Amino acid sequence: MCRSLVSSFPTLSPLPTFFAKCRSNAAREMTFINGIDVIRKLEKYILDGHFQATTKFIIINVTDLYTMIPREGALHTLMRFLEKNLHHGKIGTLSIHGIMRMTRLILDTNCFAYNNKYYQQTRGGAMGSAFTQVSTNIYMFEWEQDLIKHQTVHKGMYGRFVKYLLNEKG
């Protein structure tokens, strides 16, 4: 039976907490938790005097994000993220090399069943997988950095609603 190998690697469990700690305050401020959060941040934006008659509201919906992240892009992004954020090249006892080896193994062996047939997933990750959630958030975190910088320079407001937020307790 095909199943995600994440469950076989409990040592990967520190990744969500590590990612949450590494995100900058700007990224936290730019994540909308729910509709009320959007309204509160918009009210602050208005009170700070940034709202103009020419202000535009743009919505981008990334369809099937978890299953559409390119494999090599995800690997390169994860490597850059780890190199930038790890102190002494490790999370606990896991080295960058070990994390990357396990990541490749998970991506290479990810499969699913559909209509009583098994398929190997060649793009993205398994829906509902904690690993896929972390990997996707790291990928999007890097992707949005130029947009965040642009909005900051131009006194714009940027926000990202994440349907499945990481558990940031811990």
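This is a predicted model: local features need pLDDT of at least 70, side-chain atom pairs count only at pLDDT 80 or more; totals for chains, interfaces and linings use all residues.
Local features need pLDDT of at least 70, side-chain atom pairs count only at pLDDT 80 or more, and totals for chains, interfaces and linings use all residues. Residues are numbered from 1 along each chain as its sequence is written, and side-chain values use heavy atoms, without hydrogens or water.

**View 1. The largest pocket holds about 1400 Å³ of space.** A pocket is an open set of points on a 1 Å grid over the protein atoms alone, with protein on both sides within 12 Å along at least five of seven lines. Its volume is the space filled by probe spheres set on the points, which are joined across faces, edges and corners. Lining residues have an atom within 4 Å of a point. There are 40 of them here, and Ile59, Ile60, Gly159, Arg160 and Phe161 lie nearest the centre. Two or more lining residues come from each of helix 3 (35-47), helix 4 (65-68), helix 7 (130-143), helix 8 (145-153) and strand 6 (160-161). Helices (H or I, at least four residues) and strands (E, at least two) are DSSP runs, numbered from the N terminus. The lining has 22 nonpolar, 13 polar and 5 charged residues. Nonpolar means Ala, Val, Leu, Ile, Met, Phe, Trp, Tyr, Cys or Pro; charged means Asp, Glu, Lys or Arg; the others, Gly among them, are polar.

**View 2. The structure holds 3 cavities of 30 Å³ or more.** In a cavity, a 1.4 Å probe fits but cannot get out. Helix 5 (71-85) and helix 7 each give two or more residues. Helix 7 gives the most, with 4. By class, the lining has 5 nonpolar, 5 polar and 1 charged residues.

**View 3. Ile58, Ile60, Val62, Trp143 and Leu147 make a nonpolar surface patch of about 520 Å².** Nonpolar side chains (Val, Leu, Ile, Met, Phe, Trp, Tyr) are joined within 5 Å, like charges within 9 Å. Areas come from the Shrake-Rupley method with a 1.4 Å probe; for residues, only the protein chains shown count as cover. Trp143 is in helix 7.

**View 4. Asn115 lies in the loop between strand 4 (111-114) and strand 5 (117-120).** Asn116 lies in the loop between strand 4 and strand 5. Phi is positive at Asn115, about 50°, and at Asn116, near 60°. Most residues other than glycine have a negative phi.

Technical notes: Patches are made of residues with over 30% relative accessible area and no salt bridge: like charges are joined within 9 Å, nonpolar side chains (Val, Leu, Ile, Met, Phe, Trp, Tyr) within 5 Å. A salt bridge is a side-chain nitrogen of Lys or Arg within 4 Å of a carboxyl oxygen of Asp or Glu.
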